[in-house]
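Work through the exercises below with the sequence and the 3D structure at hand. Try each task before reading its solution.

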Amino acid sequence: MTISSTRRRARLRRRVALATLVALLGAGSPALAGVAEVADVAGVRGRAPAPVPDGPGGLPDAAGASAPVPGGPRGTATRPGSPGSADAPAPRAFDTGPARAALERLLPRHAAQFTFVPEPADAGADRFTVSGAAGAITVRGSSGATLLTGVGWYLQHVAGADIGWPGDSIGMLPARLPAVPAPVTRSALVPHRYALNDTDDGYSGAYRTFEQHQRQIDLLALHGINEVFVQAGAEYPYYRALQGFGYSAAELREWIPGPGHQSWWLLQNLSGFGGPVSERLLEERAELGGRIAEQLRGLGMTPVLPGYFGTVPPGFAARNPGARTVAQGDWAGFDRPDWLDPTTPVFGRLAAAYYAEQRAVFGDSAMYRMSPLHEGGTAGTVDVKAAAGAVQSALHAAHPGATWAVLGWQDSPKAELLAGVDTSKLLILDGLSDRYNRLDRETRWGGAPYAMGTIYNFGGHTTIGANTSVWIERFGPWRAKSNSALKGIAYLPEATGTNPAAFDLFTDLAWEPGTIDQRTWFADFAGRRYGRPDKEAAAAWEELRKGPYSTSSGLWSESQDSLFTARPSLTAVGAAYWSPKSMRYPADGVRRALDHLLKVDPKLRGSSAYRFDLVDTARQALANHSRVLLPRIKAAYEAKDLTKFRELTGQWLDAERQLDAVTGSDPNFLLGDWISAARSWGADEAERDRNEYDVRSILSVWGRRSTSEGGFLHDYANREWSGLIGELYAPRWAAYFGVLEESLVKRVAPREIDWHAFEEDWARRTTRHPSGANGPQGDPHALATGIASALKSAEGSAH
């Protein structure tokens, strides 16, 4: 280990030691009585609980950092009244400093008009109360995060403004905030409000900064979430612990994938791709993950950490006498890591080492994520019931009473797994709640607690839509069943940062006491999304509600993706192999929504919310047109009508140029930011290039040839981004159309194109693209107007 890495690891340890000291302060340790505040050498500050109200103008923590939850050891995410704290002491006031710091970030011009009053819950349910006169709003809440949820409710129902994910209209707020007509109290309907899919880090951005993660946490708190999966740095405990079980540091850095692909390594699907990773990168990601966990704790939220269930490198049994491993076979063209039999003593020792290393950087938690035998894992001769019990025992040996969160997906969790564990300490995150019909979760899982979840986004696709009517139809009745085991919601899109309306509505389920009326909800959303009601905005969102946001369950939870992003073929029906093969709603509704958005009052067009929605709707309307245009191109080719073929393929390529331009006008659709983030984590040019390949490959080939072709993962993470369209998708289609035109002219069969080689060449590039504050280019309204005009012309020419 180098001197710099030794210092970095020492810094990690110092942060842990400091946080433990602060936790003791918060718990009222007699040995530390009278000590008011300590400062971290790394800049993280903690303070003792402040039971007094935090009034307008109150001073936030100087670093915006979190303080540990009082009443428990460092990192204990349970607080009085939270799940898993039945024996907790009486509720105590908590420090509102982290919540106020978040408020300053969210509402910098208006934060001083809010007073926060801590009111810890004594009956288990989180709650907030909002009251106050104009310019003096009081929010009482049972945790820092719940105080922010109260602010979110106020913005939504009183002030009429939106802080979305992405886009906001807070610039439309008056200088003096409006009064609350009468005090309003809301209590959480379910104890678990979980967020983030295991894949979020890979598909939303594995190279994000702490400030970006902090923004995500602020938004989750604003929308009532209290449990958040933390993946950044999750590889570090493996790296440290396995060095004590016969592996060198160099071997492990080869085994651990690049950050962009680590989500699937943690799921025991693959290893080694995109590496080797440097020790510096491992340590910096671990430090980031530790900061994210602390940020969550400071707001009274649970950092959900990955648990250990038996993933080991090749040859583990040969290096560790008494160990038994089971080869896990193939996953989409990758060799899966081996599974260490949890019933062996070696597993217990490795799990203990893993949790010790994890605690040193991330602290403790009340919830851990594990999905053994995910997507085709093989048990071999292992007794799954006994193995599950051993996994839970190892977890409880390190973290007594912690909840095991397991993903409900395909046939997992199996009945054998559930039979081997204490299900009162288990939470199933149901990823299929809105996808299929005739679901009976109580019968399927034997009454084990579960959270109703949604995965309305796969791979980070930019497609609009969600089965929102299904959420509304199911949540209340499922919760009201006499034997209901529904204990939460689980916000599980594979990538976040798309579909802000879906995020808002799904999280509202856990807080609205009555059944949500979908039509009314979307009408209200339209009013606050741009800062005030507007008839054209209302008409636009009514079209979107009736179409992409009212898709049905039965087979899909996501809308179709775009053919512009598909690997070229005259018979293409989707870009990602696993996506819907046809339109899931009438396409003309999105085009009409675009027409209405273009007519929104010019005074409301300045917000980032309006810009994002306009660009996204224009993008979707054009993407839907790809499904109209491609069959026409196919017909012209089969008729050997060269003139018509050239005309139609010219329209296709023009549409892709328009698509690249309109997405380039909003910062949420820029390939340049995706790439520059990855390169920023590199210490030298070689590592920067390696990181860039990590994130380019996941958008295109995904993995090696066997994965891309045999595993059908090429274009799984397709998305309509400026730069990605212009540099990969449009040239790919142009090359294909060129081959087809050549075949028509020469009257020969078209040449074969090695698409994997084409895409791999793109993934290996290091070309630069616009990014950062100066990245967006062009006038979104003018560009969207051009798309609307082109679509109308196309409709006219078709008749």
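**Exercise 1.** At which residue does H20 bend, and which proline follows within four residues?

*Solution.* The model used here is predicted. Step 1: follow the helix axis to Arg-627, where H20 bends by about 30°. Step 3: check the length. Helix H20 covers residues 608-638, and its 31 residues should span 45 Å at 1.5 Å a residue. The C-alpha atoms at its ends are 45 Å apart, so the two values agree. Step 4: look at the surroundings. Of the 31 residues of H20, 23 are buried. Lys-640, with a positive phi near 55°, follows the helix.

**Exercise 2.** Is Val-573 buried, partly exposed or exposed?

*Solution.* Step 1: locate Val-573 in the loop between helix H18 (535-546) and helix H19 (588-598). Step 2: take its relative accessible area, which is 40%. Buried means under 20% and exposed means over 50%, so Val-573 is partly exposed. Step 3: list contacts, leaving aside neighbours within four places in sequence. Val-573 touches Leu-563, Pro-580, Lys-581, Ser-582 and Arg-627.

**Exercise 3.** Which strands stand at the edges of the open sheet of 4 strands?

*Solution.* Step 1: write the order, E3-E5-E4-E6, with mixed pairing. Step 2: E3 (114-118) and E6 (184-187) each have a single partner strand, so these two stand at the edges. Step 3: examine one pair. E3 and E5 (residues 136-141) run parallel and are joined by 5 bridges; Phe-114 has Ile-137 as its bridge partner in E5.

Conventions:
Residues are numbered from 1 along each chain as its sequence is written. This is a predicted model: local features need pLDDT of at least 70, side-chain atom pairs count only at pLDDT 80 or more; totals for chains, interfaces and linings use all residues. Side-chain values use heavy atoms; hydrogens and water are left out. Buried means under 20% relative accessible area, exposed over 50%, partly exposed in between (1.4 Å probe, protein chains only). Contact means heavy atoms within 4.5 Å. The expected span of a helix is 1.5 Å times one less than its number of residues. The bend at a residue is the angle between axes fitted to the seven residues ending there and the seven starting there. Two strands pair if DSSP finds at least two bridges between them.
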